[in-house]
Amino acid sequence: YSQAAFWIVAGLLGSNIKCRDMDINSLQGDKAVLEIVKRMNGSINIKEDLIEVSETKTDGVIIDASQCPDLVPVLTVLASVSNGTTKIINAERLRIKESDRLKAISTELNKLGANVKELEDGLLIEGKEELTGGTVDSWNDHRIAMALAVASIKCTEPVTITGSEAVKKSYPDFWRDFVDLGGQ
């Protein structure tokens, strides 16, 4: 679910994506992405081992990240183009990951035209219709690089990610899969 979350959000932002061979009975904390997307009114259909999502304008919610901190970068992307306000709470431990992920994702998404405010233990995101584009940095963090790639789906201009090779830590084939699914 940690890796599938990027494709789930990409599908909500762009077009229909199916994630196959997903253990719906998994105890993995990042499976919370399914419930969070439902609360955000995302179009998600779960059948046995298949999760299908399609483009949806989602709504802001409060997200408690205490049990799913790795989802915060990509959920911040989703929130940045959702209706209304999203508040991510209980996320202070993201400050001691591969990067200070609260600072990293807020700084880089704001470069793309988002409206993300960094809080002591979370983020406050005001959704917009679309983002602009530009050059951003991965902060040498695989989850930041992948989240920024997903953000490019809603950008009106190209996005260049410096340090994009950081994805090799957890998902060496991410860029190949991104292109295969229509990313540029």
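**Close-up views of a predicted model**

**View 1. Strand pairing between β1 and β3.** Strand β1 and strand β3 (residues 50–54) run antiparallel and are joined by three bridges. Strands and helices here are DSSP runs (E, at least two residues, for strands; H or I, at least four, for helices), numbered from the N terminus. Two strands count as paired if DSSP finds at least two bridges between them. Within this pairing, Ile17 stands opposite Val53 in β3. The model is predicted: local features need pLDDT of at least 70, side-chain atom pairs count only at pLDDT 80 or more, and totals for chains, interfaces and linings use all residues. Residues are numbered from 1 along each chain as its sequence is written, and side-chain values use heavy atoms, with hydrogens and water left out.

**View 2. Aromatic rings around Trp7.** The whole structure holds six aromatic pairs. Rings of Phe, Tyr and Trp (its six-membered ring) pair if their centres lie within 6.5 Å; planes under 30 degrees apart are stacked, over 60 edge-to-face and the rest tilted. The ring centres of Trp7 and Tyr171 are 6.3 Å apart with planes at 80°, so this pair is edge-to-face. Trp7 belongs to helix α1 (residues 4–13) and Tyr171 to the loop between β9 (159–162) and α6 (174–180), so the pair ties together parts 164 residues apart in sequence. Trp7 and Phe174 are stacked, because their ring centres are 5.2 Å apart and their planes at 20°. This second pair links helix α1 to helix α6, with Trp7 and Phe174 167 residues apart. Both Trp7 and Tyr171 are buried, as is Phe174; buried means under 20% relative accessible area, exposed over 50% and partly exposed in between (1.4 Å probe, protein chains only). Ring pairs link Trp7, Tyr171, Phe174, Trp175 and Phe178 into a cluster.

**View 3. Cysteines.** The disulfide count is zero, a disulfide being a pair of cysteine sulfur atoms within 2.5 Å. The cysteine sulfur closest to that of Cys19 is in Cys68, 17 Å away and too far for a bond. Cys19 is buried at 8% relative accessibility, and Cys155 is buried at 13%.
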